[in-house]
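Biologist: I'm new to this one, so could you put the structure up and take me through it slowly?
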Amino acid sequence: MEQSKQLENLFTHIFKTRETLIDSLDLKKYSELEIKGIIIKNSDGNYVVDLYSTEIYDYLKTMITSKLTISLSDNIEESFKTIHEFEELIKNEYSYGNIINAYTEIFDAFRVKYLVELDSKGTDVVSFKNELKQKLNIIYELRNFGKIFYIFLVSKDISIEQISDFLDSNKEEESRYYLNEYLYSLVNKKEDFSIKLTNYLLDRYKTAIPHYLVSLISSLINKGKVEFLEKLKQRLTNSAKETFWSYSLLNINSQIIYNELLEILIKDCSTEYLYYKTRIIESLMNSPFITPKDSETLSNKLFEFFENPDENEINSYFHSITYGFEKFEDLKYELLHGYLNRTQNIKAISSFFYNFKEPKYLFHLIGVIYSNGWYRNSISLFEEPLSHFWSTSRDKTEEFILSLISTKQRTGLLPIEMIMSGREKPMQINLLKLNTEEEQVLAIAMICNFPHSFDKLLPILIKLKDSKFHKVIENLQMQLSILVYECYNETLIEWLENLIPKSRKKTAFLKPIKQSLELYKEIKELKYKNNDLNPYYNEKSLMDLYYNLENENRAKMMESVRNNPSGLSSLFKSTSIIRGNSWKFEHEENVMPLGKVESQMYIDTRVYKNPELYEYQLERFNK
């Protein structure tokens with residue numbers, strides 16, 4: 001198959017899948033492209049499309065001409081508009097129109113190659129970048145020009161003097177990210193040039209050390225040029241912050257760097273610049289040169305940092321701990337307790353276990369908090385970590401939850417709160433894994449006493465109909481019969497009919513439960529004949545009271561949110577409801593129809609029949 005046809009097939013594949021990774025089994029389809037170097041093997045051993053190849057660039061240019069009947073010009077602004085239009089067209093063709101940045105990698109590479117082509121024709125792209133910086137209003141299509149420009153700049157042949165002047169005129173803090181990316185790429189792709197540039201800049205700046213020079217030197221050191229460490233040290237004498245920031249950029253790839261950074265940290269007695277110090281400590285502890293003694297010293301340093309009086313600095317420091325130190329879960333967990341003692345910011349728990357692999361720390365923390373004053377809905381703090389461990393360590397998480405369903409532990413409804421924590425669908429815990437008859441009976445009681453979402457918990461509970469303990473099955477039938485009679489009536493029978501496959505065993509299991517429904521109907525009929533006993537007059541008023549109180553509390557909460565000037569609602573405009581089914585923003589004329597959002601939850605009717613008694617029973621359950 002000729003190259004052009006293979007390119008056509010390749011782009012059909014890329015646009016359909018948004019993938020530039022090619023399966024080795026599909027290489028035969030693109031044999032010509034592999035020979036030409038359009039498909040290459042990367043360092044991970046995978047086959048990928050070289051988006052910067054000339055053939056890819058030329059093919060996309062041809063597509064622009066055929067689909068938009070227009071060619072790219074030497075005008076950068078107009079051509080970037082054209083490329084953006086083409087990108088949006090492709091997104092719509094392949095039904096990715098609502099996905100932001102669906103083809104960013106592909107079209108960013110295309111834009112870079114376009115700048116390379118212009119540069120080869122004599123267009124001064126560097127001047128365009130400098131002029132763009134002076135403009136107040138930049139068109140949407142050029143919003144990420146800096147990112148594209150710095151990738152282009154790596155491939156451009158430019159004199160050391162020119163690049164030095166350019167770096168000096170683009171050293172503002174807002175452009176540092178892409179500038180740093182450029183310097184890292186420059187060192188990787190043009191090492192000799194980078195060394196000459198660094199020496200030139202060191203001669204040019206005899207005492208000062210601009211940000212970009214630090215990035216350049218640190219990149220060279222990370223590439224193995226350790227001799228530049230001494231040159232870096234000579235300049236880092238005036239600012240402790242600059243020193244710690246500079247050293248936080250270094251990879252500890254030699255004993256020399258390890259010793260240097262360790263010595264600096266040990267000598268330092270301050271609790272400032274914690275973000276940078278924490279990054280250095282993590283690098284030291286992850287290095288192959290760490291010793292048990294050094295590890296203990298550095299760990300102690302981390303606890304000393306809590307002495308910093310600045311609340312913002314402590315929070316920034318702990319943020320670094322939360323998303324780093326993946327190999328040190330014991331230490332991280334101890335630091336969490338140090339942070340909570342220092343700040344009482346218990347909300348930090350929700351994101352803290354983000355990259356933990358072992359769930360035992362989470363369950364230990366839940367146990368500590370439960371023992372020291374737990375109230376229902378405290379579980380909301382743990383929704384994210386529980387979800388994380390249910391996804392990444394399901395067997396261990398299930399084992400921990402099941403261990404809480406024990407007659408030896410007084411855990412109330414905590415296990416069921418965990419199962420239901422913040423999820424539309426409960427964790428599918430297998431209650432048959434409970435070892436004893438007593439534990440299985442306790443599990444039945446826990447679920448049957450949980451105040452809401454029984455329909456979602458029932459598929460978990462009903463597995464116990466297959467228990468090896470006859471008393472467990474009898475207890476399950478009894479508890480379900482009570483719920484049919486007191487709470488869910490015919491609805492619960494319908495759920496059971498749908499959940500249990502048809503068989504003689506099913507008929508036998510449901511027989512006593514259905515009998516409770518017949519008893520309920522008989523008593524209901526008797527009650528309807530007497531207004532003093534009629535549930536319509538008695539229970540309805542209780543239900544109305546329950547919802548009125550709930551609505552009143554919700555209204556108070558929303559009013560508090562609206563009146564908070566620093567709250568999220570302050571970011572939005574006020575709206576007005578018109579004629580009951582439309583709305584509009586204040587100070588605007590457009591009227592729009594109201595949308596509809598609804599949800600439902602089954603609530604145990606005992607909640608409102610005798611709320612004080614029910615609340616008391618919940619608080620006392622299994623405690």
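Biologist: Is Ser95 buried or exposed?
Modeller: This is a predicted model, and in it Ser95 counts as exposed because its relative accessibility is 65%, where the cut-off for exposed is over 50%.

Biologist: And where does Ser95 sit?
Modeller: Ser95 is in the loop that runs between α4 (76-93) and α5 (104-120), and although Ser95 is not a glycine, it has a positive phi of about 60°.

Biologist: What about Gln344, where is that one, and is it buried or exposed?
Modeller: Gln344 is placed in the loop between α18 and α19 (349-352), and with a relative accessibility of 58% it counts as exposed. Gln344 is not a glycine either, yet it has a positive phi of about 60°.

Biologist: Let me step back for a second. How many helices and strands does the protein chain have?
Modeller: The protein chain has 30 helices and six strands. Of its 623 residues, 43% are buried, and if you take the contacts in the chain with a separation of 6 or more, 65% of them are between residues 24 or more positions apart.

Biologist: Now some helix pairs. How do you describe two packed helices?
Modeller: Two packed helices are described by the angle between their axes together with the distance between those axes.

Biologist: OK, at what angle do α6 and α7 pack?
Modeller: Helix α6, residues 125-134, packs with helix α7, residues 145-155, at an angle of about 155°, and their axes are 11 Å apart. Angles over 145 degrees count as roughly antiparallel, so α6 and α7 are roughly antiparallel to each other. The crossing in which α6 passes α7 is left-handed.

Biologist: Which residues meet there?
Modeller: From α6, the residues are Val125, Val126, Phe128, Lys129 and Leu132, and they meet Phe145, Gly146, Phe149, Tyr150, Phe152 and Leu153 in α7. Sorted by class, this contact of α6 with α7 has nine nonpolar residues, one polar and one charged.

Biologist: And α16 with α18, are those roughly parallel or antiparallel?
Modeller: Helix α16 (residues 292-304) and helix α18 (residues 329-343) have their axes 10 Å apart and pack at an angle of about 20°. Since an angle under 35 degrees counts as roughly parallel, α16 and α18 are roughly parallel to each other. Here α16 passes α18 in a right-handed crossing.

Biologist: Who's touching whom between α16 and α18?
Modeller: Ser299, Leu302 and Phe303 are the α16 residues, and they meet Leu331, Glu334 and Leu335 in α18. By class, the contact of α16 with α18 has four nonpolar residues, one polar and one charged.

Biologist: What does Phe382 touch?
Modeller: Not counting residues up to four places away in sequence, Phe382 touches Ile349, Leu362, Leu365, Ile366, Ile369 and Trp374. The C-alpha atoms of Phe382 and Ser350 are separated by 5.6 Å, and those two residues are 32 residues apart along the chain.

Biologist: Where is Asn180, and what does its side chain do with Ser215?
Modeller: Asn180 is found in helix α9, residues 176-189, where it counts as buried at 12% relative accessibility. The side chains of Asn180 and Ser215 are joined by a polar contact of 2.8 Å, and, leaving out residues up to four places away in sequence, Asn180 touches His211 and Ser215.

Technical notes. Residues are numbered from 1 along each chain as its sequence is written. This is a predicted model: local features need pLDDT of at least 70, side-chain atom pairs count only at pLDDT 80 or more; totals for chains, interfaces and linings use all residues. Side-chain values use heavy atoms; hydrogens and water are left out. Axes are lines fitted to C-alpha atoms, for helices over the stretch in contact, and angles run from 0 to 180 degrees between N-to-C directions. Helices (H or I, at least four residues) and strands (E, at least two) are DSSP runs, numbered from the N terminus. Angles under 35 degrees count as roughly parallel, over 145 as roughly antiparallel, 65 to 115 as roughly perpendicular and the rest as oblique. A crossing is left-handed if the near helix is turned anticlockwise from the far one by less than a right angle, and right-handed if clockwise. Contact means heavy atoms within 4.5 Å. Ala, Val, Leu, Ile, Met, Phe, Trp, Tyr, Cys and Pro count as nonpolar, Asp, Glu, Lys and Arg as charged, and the others, Gly among them, as polar. Buried means under 20% relative accessible area, exposed over 50%, partly exposed in between (1.4 Å probe, protein chains only). A polar contact is a pair of N or O atoms within 3.5 Å; within protein, one must be able to donate a hydrogen and the other to accept it, and residues adjacent in sequence count only if both atoms are side-chain atoms.
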